[in-house]
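The stops below go from a single side chain to a pair of helices.

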Amino acid sequence: MNTRTITCIEDLRARARRKVPRAFFDYAEAGSYSQQTLRANRADLERIALRQRVLVDVSQRDLTTTIIGEKVSLPLALAPIGLCGMQHGDGEILACRAAQAAGIPFTLSTMSICSIEDVAKAVEKPFWFQLYVMRDRGFIRALIERADAAKCSALVLTVDLQVLGQRHCDIRNGMTVPPEIRLANLIDIATKPAWALSILKGKRKTFGNLAGHVRGMENVTSLAQWTASQFDPALSWKDVEWIRSLWPGKLILKGILDVDDAKTAAKTGAAALIVSNHAGSSMARRRRSRLCRKSPTRWAAKSR
Ligand SMILES: Cc1cc2nc3c(=O)[nH]c(=O)nc-3n(C[C@H](O)[C@H](O)[C@H](O)COP(=O)(O)O)c2cc1C
């Protein structure tokens with residue numbers, strides 16, 4: 001068998017390591033600080049085991065279910081991934097098409113490379129849009145309106161990133177604000193021609209939801225600077241109410257880890273909560289085990 005044949009996620013990871021420049025591969029691969037939360041997440045997930053019963057007719061297996069009323073082929077959704085279009089040109093469009101072909105929801109990040117409109121034009125079905133709340137509330141209102149105009153079927157409001165964590169790999173690789181162009185990165189890119197070609201052919205090279213929508217901010221450097229200054233540590237439940245009043249569709253709150261917060265969140269009219277610690281990729285040492293144990297799946301859904 002060809003050793004490059006893809007049979008599982010680990011093969012894909014190995015292929016990405018070969019094909020994608022190190023700065024972007026590490027961005028997706030690494031956690032924040034000492035990566036304690038990332039390791040704990042893996043250990044928690046590996047500990048989950050299924051009870052095995054035997055001699056039951058399993059010839060008609062069916063994983064279809066519904067998530068926030070949408071029929072899905074299995075209880076899974078693609079999470080929002082910032083800079084996905086830097087792993088491969090038009091990455092968000094390709095991932096959305098793959099998710100829709102597999103019958104599961106796709107979530108477009110605020111920090112995507114392809115814009116909401118790019119993805120909406122390129123796919124057949126509605127997708128979900130993830131919102132980071134920035135200090136510039138006029139920009140947020142406009143983003144919500146754009147997601148509505150693009151017929152996104154849910155707004156995923158991320159509530160766990162008011163303060164950016166320290167990501168050592170990114171600092172070492174120059175994935176900083178402003179980004180550092182280093183000789184080592186250029187040499188690395190020169191050894192990844194297929195990646196470079198895909199990026200060149202891709203629709204955009206910068207944050208598609210931001211470029212052209214924030215005055216005076218067009219290139220990666222100015223947009224990265226603007227974004228880093230925009231995460232709002234004052235975000236509160238009042239903002240959730242405000243967003244709820246602007247968004248006519250289903251609202252999902254992402255990043256809830258505490259039972260008391262889950263109870264408060266349920267009162268906001270959210271259609272679902274995503275129990276998540278951001279893959280340990282933003283802040284240090286946050287566990288989700290307690291809330292997960294309380295819910296049979298990590299989607300603590302509530303009907304509206
Ligand atoms: C490279 C990378 C980029 C991410 N970008 C975003 C993002 O833009 N918005 C967001 O809400 N979460 C982002 N996340 C977090 C993921 O959406 C997701 O929460 C994480 O992979 C863990 O999965 P879980 O939520 O199922 O635990 C990112 C995670 C990684 C690893």
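Select Trp 226 first: its relative accessibility is 10%, so Trp 226 counts as buried (under 20% relative accessible area; exposed is over 50%, partly exposed in between, with a 1.4 Å probe and protein chains only). The model is predicted, with local features needing pLDDT of at least 70 and side-chain atom pairs pLDDT 80 or more, while totals for chains, interfaces and linings use all residues. Residues are numbered from 1 along each chain as its sequence is written, and side-chain values use heavy atoms, without hydrogens and water.

Four aromatic pairs are counted, taking rings of Phe, Tyr and Trp (its six-membered ring) with centres within 6.5 Å; planes under 30 degrees apart are stacked, over 60 edge-to-face, the rest tilted. One of them is Phe 139 with Trp 226, edge-to-face at 5.2 Å between centres and 80° between planes. Phe 139 lies in helix 6 and Trp 226 in helix 10 (residues 220–228), 87 residues apart. Helices are DSSP runs (H or I, at least four residues) numbered from the N terminus.

Now show helix 6 (residues 137–149) with helix 11 (residues 237–246): their axes come within 10 Å and cross at roughly 40°, the axes being lines fitted to C-alpha atoms over the stretch in contact, with angles from 0 to 180 degrees between N-to-C directions.

For the contact (heavy atoms within 4.5 Å), select Arg 137, Ile 140, Arg 141 and Ile 144 in helix 6, which meet Asp 239, Trp 242, Ile 243 and Leu 246 in helix 11.

Methods
Helix = DSSP H or I, 4+ residues; strand = E, 2+ residues; numbered from the N terminus.
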